[in-house]
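This report walks through one protein model and its ligand. Keep the sequence and the 3D view open while you read.

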Amino acid sequence: MNFSKSEELFKEANKYIPGGVNSPVRAFQSVGMSSIFASKGKGSKITDVDGNEFIDYICSWGPLILGHSSEIVYKGIEKVFEEGITYGLATEMEIKVAKLIVDAYPSVEMIRMVNSGTEATMSALRLARGYTNRSKVLKFEGCYHGHSDGLLVKSGSGTLTYGSPTSSGVSEDAIKNTLVGQYNDAKMLEEIFKIHGKELAAVIIEPVAGNMGVVPANEEFLITLRKLTEEYGVVLIFDEVITGFRVSFGGAQEVYNIKPDITCFGKIIGGGLPVGAFGGKREIMEMLAPLGSVYQAGTLSGNPLAMLLGFNCLTYLKENPEMYNKIEQLAIELEKGMIEHIKEFKVEASVNRFKGMLNVFFTGEKVQTFEDVSKCDTKVYEKYFKLMLDCGILLPPAQFEGMFLSTAHTKEDVEKTLEANKKAMSLL
Ligand SMILES: *Cc1c(COP(=O)(O)O)cnc(C)c1O
């Protein structure tokens, strides 16, 4: 496969844009390639600037649950361009989107729109602190909640819960109130709460982690977390930026049947435009400005264009709930096939799947924690990624990211993917 135009553009991009990209994972660094530059997408397929066509499992990292360039999502877009794409005033469509989300999530009584997942989690934490009058928050290793300072933390060496920054430029001060726990470790959770429970404003978690590959929380862990947060008066924040409207219309909280106090959204709810949102109990949400004392704002928050695309996307999913089953069935087919090939060619790998989200981990062991994830052989992933790419399958260009399917993916796409997978696994 020829990537000469992409390579040229990547060189050019590097002159003007740090690393040639506006978000690090697009640099394809962890698979040892230069960026692929996209030129168009339709349905389940992406075409790059060299004219290569791929079955796409990135789907813009989650938002494109109806596939690329969906006419369903774009419906009415011309009218917005005619009438105005932003006013700095309230519009009716904001109510419609808010109502769709509130109706779908019993834990969400009110919702505020923002422009990214990062903003949603950052604002949710401020709100939780304002509501509880406490400072500390707990996050879990391997969960990603955007790039705000206080959340760029990993567990430090030796100590149980205090972490160190994962980025330079993040001051010790910015993270001194962030504790880091181990995902799926209920026993550790009890210990953390015994020591810090009364100082905690919030716990933030991806109920199905999607940023260390796909690692679902085990049910007992989430139940313990809900119980402890209630007991200690701590705000439980589910970061459903990926899982919201993806693993089911009601998100991971519907699947697990656990009600958080605040939920963060993003990705799917913008239909591919930059959107985030956070919502929860009325009593908490009413602390937000202009009603309450917690300040939060956004010039383009809830803008008509993003709201229309989000509305179209969510309305379609609501009216076609069988789509979730369809996506899951395709994911199950992929999982089955991949496991078969892993066995056939004795590859040290395992597959994690939750509903329609899945990925292959290159470790022989079952992956349930961040520690398990860390055992993966990323060099093998790099080889696998390139072999798949050569067969026209675009996987996430990093071992620790999930594959995303859309309603546009077909049985034939899955068959082609498994053919490629068989070949790739045989050559690893
Ligand atoms: C993508 C993501 C975010 C950040 O969203 P952005 O729109 O990229 O800022 C936050 N949390 C989770 C779980 C995500 O997957």
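## The ligand and its surroundings

A polar side-chain atom of Asn211 sits 3.1 Å from an oxygen atom of the ligand. Taken alone, the ligand exposes 380 Å², and the protein buries 82% of that. Such areas come from the Shrake-Rupley method with a 1.4 Å probe, and for residues only the protein chains shown count as cover.

This is a predicted model: local features need pLDDT of at least 70, side-chain atom pairs count only at pLDDT 80 or more, and totals for chains, interfaces and linings use all residues. Residues are numbered from 1 along each chain as its sequence is written, and side-chain values use heavy atoms, with hydrogens and water left out.

| Residue | Part of the residue | Distance to a ligand oxygen atom |
|---|---|---|
| Asn211 | polar side-chain atom | 3.1 Å |

Rolling a probe the size of a water molecule over the atoms shows where empty space is left. The search uses a 1 Å grid over the protein atoms alone: a cavity is a set of points where a 1.4 Å probe fits but cannot get out, and a pocket is an open set with protein on both sides within 12 Å along at least five of seven lines. Lining residues have an atom within 4 Å of a point. Grid points are joined across faces, edges and corners, and a volume is the space filled by probe spheres set on the points.

The second largest pocket has a volume of about 450 Å³. Its lining holds 23 residues; Glu94, Arg112, Met113, Ser301 and Gly302 lie nearest its centre. The lining divides into 12 nonpolar, nine polar and two charged residues. Helices (H or I, at least four residues) and strands (E, at least two) are DSSP runs, numbered from the N terminus.

How many cavities of 30 Å³ or more are there? The count is one. The largest cavity holds about 40 Å³ of space. Asn359, Val360, Tyr381, Tyr384, Leu395, Pro396, Glu401 and Met403 line it. Strand S16 (357–361) and helix H14 (378–390) each give at least two residues to this lining.

## A four-stranded sheet

Four strands form an open sheet in the order S1-S2-S3-S17, with mixed pairing. Strands S1 (38–42) and S17 (393–394) are the edges, each pairing on one side only. Two strands pair if DSSP finds at least two bridges between them.

S1 and S2 (residues 45–48) run antiparallel over four bridges. S2 and S3 are also antiparallel, with three bridges. Four residues separate S2 and S3 in their hairpin, where Gly51 takes a positive phi near 85°. S3 and S17 run parallel, joined by two bridges. Asp56 has Leu394 in S17 as its bridge partner.

## Backbone exceptions

Most residues other than glycine have a negative phi, and most peptide bonds are trans. Ser60 has a positive phi of about 60°. Ser60 is in the loop between strand S3 (53–56) and helix H2 (71–74). A cis peptide bond joins Ala289 and Pro290, with omega about 10°. Pro290 lies in the loop between helix H10 (282–285) and helix H11 (304–319).

Conventions
A polar contact is a pair of N or O atoms within 3.5 Å; within protein, one must be able to donate a hydrogen and the other to accept it, and residues adjacent in sequence count only if both atoms are side-chain atoms. Ala, Val, Leu, Ile, Met, Phe, Trp, Tyr, Cys and Pro count as nonpolar, Asp, Glu, Lys and Arg as charged, and the others, Gly among them, as polar.
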